[in-house]
Amino acid sequence: MAEPRTGTPPAETERVIAEAEAFTPAEALARVREAEVRDADRPGHREAMTINLGPQHPSTHGVLRLITQLDGEIVREIHPVIGYLHTGIEKQCENKTFWQAITLVTRMDYLSPFFNIHAYTLAVEKLLDLEVPPRAQYLRVIMSELNRISSHLVWLGTSGLELGAITIFFYSYREREKALDLFEMIAGERMNSRYFQVGGCSDDMPPGFETRLRAFLDEMPARIDEYEDLLSKNPIWLERTKGVGVLPAEQLIDLGVTGPALRAAGVDLDLRKRTPYSSYEHFDFQVPLGTSGDAYDRYLLRMREMRESVKIVEQALDGLPEGPHIADDRKVVLPPRSELATSMESLIHHFKLVTEGFAVPEGEAYVSVESPRGELGCYVVSDGGPKPYRCHMRDPSFVNLQALRPMAKGAYLADLIVMIGSLDGVMGGVDR
Amino acid sequence: MSEIGALIEAALPGAVVDEIEHRGELTIEIEPGKLREVAAYVKAPPLAFALLSGVTCADFPDEPGRFRVAYHVFSLETAGRLRLRAWAGALDPELPSVASVWATANWHEREVFDMFGVRFTDHPDLTRILMPLDWDGHPLRRDYPLGGEEVIFSDEV
Amino acid sequence: MALIPPSGAPSQRAARTHPDIDHDLREQEIAAFEKSLLTTTVEKAIAWARSSSIWPATFGLACCAIEMMHTATPRYDIARFGAEVFRASPRQADLMIVSGRVSQKMAPVLRRIYDQMMEPKWVISMGACASSGGVFNNYALVQSVDKIVPVDVYVPGCPPRPESLIEGLNVLQKKIGALGQETSTQLMAAADSTDSGAA
């Protein structure tokens, strides 16, 4: 290699140049294509490149690390590494009373805080054999469905953002702001509130809430039409999402996938219909199903789910029963603040509940709700004390993420991004 | 004994150790060695519990079996739920892996291994999933401290 | 902004001869303004330019990341302050908004991303978890991100409202504008040298 630099290039170079100049550009391109087709049949002749997608990545929906083996643009293998957001929520719940644990559990899957608490409180209420009053059940349904809408709006905005459709991000967050205003009005916090309590809801609807909610519900269908106008018949969107991320339904069930990802493949599994909880059986709504199970079907399905959620909230609001917003059992539920000034017994109950907490009879319970991502379950084990002995959250994002690996084999890198978006995973739920 | 319990016992004698019905939930305790066979039986028709919702564990240091692993299964036809339970043992806790029966058990069992130290035999890839790979100890065990920092208030500094 | 006078009544706007106006203060303000106009150094101009176009790196971790996204959306609009360009690559960013809980596994990644950013760089610790460990005082989280990177502004909240984050950004802008080119790393280096001088 240490040849002195003279005017004449070495013989090898001359040969290559002569070869290259023998063909016109079109002919040269044809020869390259021919070689590609010929070599494609020889697997492994091209070195696969292993790259890191994440944990800091704009398109991985949070701190997900995918060690990707790429053959050009084609994904040969992915190896998801999770745990970058592991917060030790389950361990910390064991050190808090049942009442305090609500604030921890709600921060798990941060896009569906109400669903986290719903699963948890249903499990604790099951162990306590405590009945939730009908008004509280309807209020829970209203807040849950609003949460479903706001979660799907985040999914819509971020999925569009990842594919380069940035406009939809601003549009969907505009509506999400209105939903968050409603949360703030009733629960005091935009996200991560502790609105559901063991026994019902912590507060009733404040004045002005119903008007505002009805205004939101009135304009929402038109807004969803607007989003569909932007995307549903958009050729770029269709090109990028149709046929992407298809797995057979049996494999999805075997992988434990639930929620829109499973329903897009045609499997009718919605826990609100199959195992109704919290008065969902009173409402008339449809469960949209897909046919092919690709990313486009999942998109259409989530848009329809938003519309159905609007219908459910309208029905719940119209049929809202009178009554208390939380159960009456003073051993479990805090007494209303107005009573604390007059009743000594209430004061003692309040004191004991806040300092010691309430004891839950020994046993274990598993209750799951239909969160925007799938089956969100809570497994609570009690040893008869005031603190949960074990609180495990079965998070749908954790389970659905397992489907990414079979989906991604042989797909383009760009399609991998679409698949991650269509699975709608939230890393807070994956890592807990 | 419940119907399901009777069916399992008939198909695999000695598999059912105990049965509990509490608050409308059926829990069947399984002999640890026969766990995989019971899983395969329960997944197939007529019971057809095709969806494994989750695999979790609870640590009872005072019990001889110590680690109680629970399997929550769901049937799509009947919308019925069942909980299978097995004790893994105190020293070298181990259970047969059901990842060959339900593919979803893969990550769940990895999480149980990571958090509790229960090994699952014949698992395709039993490594830590949530904690860093070089972490010492199993955080969700009862004898593992919660950790964290002592909170110091500004007037104590 | 002129007040619309009620029909028939004279204008409510304070006349320049209103007794409550502190004329001495006004003289001082005018003098200072003229001074700044006449003596604007290149450094001050650079500081103004830097503070008005801070480009954050996308470092959303958990719930605070959602509120950070909300800051970029039409209602709260961080673009007013020149900071809507969230760069994915740390090489192109000057601000790292650590939004969310930092787990033990994520800590080395966070430090690496911080190291990859070019000087001058700043860090906003958004939310209670990043500032102090938040609700989660346990084995899994780093109890405050300032154990790993030097922090310029802490924004409390769980999660902080988008307005709080914008306030944090404004505080940072004032810090940049006021201190010129001194970034947190330079300040820390200065503090270290004075410490060693004192010790």
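Predicted model: local features only at pLDDT ≥ 70, side-chain atom pairs only at ≥ 80, totals over all residues.
Visitor: Where do I start with chain A?

Guide: Start with the overall count of elements. In chain A the secondary structure comes to 19 helices and eight strands. Then look at the extent. The C-alpha trace of chain A spans about 105 × 45 × 40 Å along its principal axes.

Visitor: How much of chain A counts as buried?

Guide: Burial is judged by counting neighbours: a residue is buried if 20 or more other C-beta atoms lie within 10 Å of its own. In chain A, 51% of the 432 residues count as buried.

Visitor: And what share of the contacts in chain A join residues at least 24 apart?

Guide: Here we look at how contacts relate to the sequence. Take the contacts in chain A between residues at least 6 apart in sequence; 68% of them join residues at least 24 apart.

Visitor: Is H5(A) enclosed or in the open?

Guide: Count its buried residues. For H5(A) that is 16 of the 16, so the helix is largely enclosed by the rest of the structure.

Visitor: Which residues other than glycine have a positive phi?

Guide: Asn192(A) is one of them, with a phi of about 50°. Asn192(A) sits in the loop between H7 and strand S4 (196-197) of chain A. Asn192(A) has 22 other C-beta atoms within 10 Å, so it is buried. Asp424(A) is a further case, with phi near 55°. Its place is the loop between helix H18 (413-423) and helix H19 (427-431) of chain A. Asp424(A) has 26 C-beta neighbours inside 10 Å, so it counts as buried.

Visitor: How do I describe two helices that pack together?

Guide: Give the angle, the distance and the handedness. H7(A), residues 167-187, packs with H8(A), residues 209-231, at an angle of about 165°. Their axes are 11 Å apart.

Visitor: Are H7(A) and H8(A) roughly parallel or antiparallel?

Guide: Angles over 145 degrees count as roughly antiparallel. H7(A) and H8(A) are therefore roughly antiparallel to each other. H7(A) passes H8(A) in a left-handed crossing.

Visitor: Which residues meet there?

Guide: From H7(A) they include Tyr171(A), Ala179(A) and Leu182(A). From H8(A) they include Leu213(A), Phe216(A) and Met220(A). The residues of this contact between H7(A) and H8(A) divide into 13 nonpolar, two polar and five charged.

Visitor: How do I read a contact between chains?

Guide: Count residues on each side, then ask which elements supply them. Between chains B and A, 26 residues of chain B are in contact with 34 residues of chain A. On the side of chain B, the elements giving two or more residues are strand S3 (51-59), strand S4 (67-74) and helix H3 (105-116). S3(B) gives the largest share, six residues. This side of chain B has 16 nonpolar, seven polar and three charged residues.

Visitor: What about chains A and C?

Guide: That contact takes 26 residues from chain A and 26 residues from chain C. On the side of chain A, helix H3 (89-93), helix H4 (101-105) and H7 each give two or more residues. H7(A) has the largest share, four residues. This side of chain A divides into 12 nonpolar, nine polar and five charged residues.

Visitor: What is the pattern of chain C along the sequence?

Guide: Read helices as α and strands as β. Chain C follows α-α-β-α-β-α-β-α-β-α-α. That comes to seven helices and four strands. Of the 199 residues in chain C, buried ones make up 40%.

Visitor: Where are cis peptide bonds in chain C?

Guide: Look at omega. One cis bond joins Glu119(C) and Pro120(C), with omega about -10°. Pro120(C) lies in the loop between helix H4 (107-116) and strand S3 (122-126) of chain C. The bond from Cys158(C) to Pro159(C) is also cis, with omega near -10°. Pro159(C) lies in the loop between strand S4 (153-155) and helix H6 (162-179) of chain C.

Definitions and conventions. Residues numbered from 1 in each chain as written. Chains lettered and ligands numbered in written order. Buried ≥ 20, exposed ≤ 12 C-beta atoms within 10 Å, placed from the backbone. Contact = placed C-beta atoms within 7 Å. Nonpolar A, V, L, I, M, F, W, Y, C, P; charged D, E, K, R; others polar. Axes fitted to C-alpha atoms, helices over the stretch in contact; angles between N-to-C directions. Parallel < 35°, antiparallel > 145°, perpendicular 65-115°, else oblique. Left-handed = near helix turned anticlockwise from the far one by under 90°.
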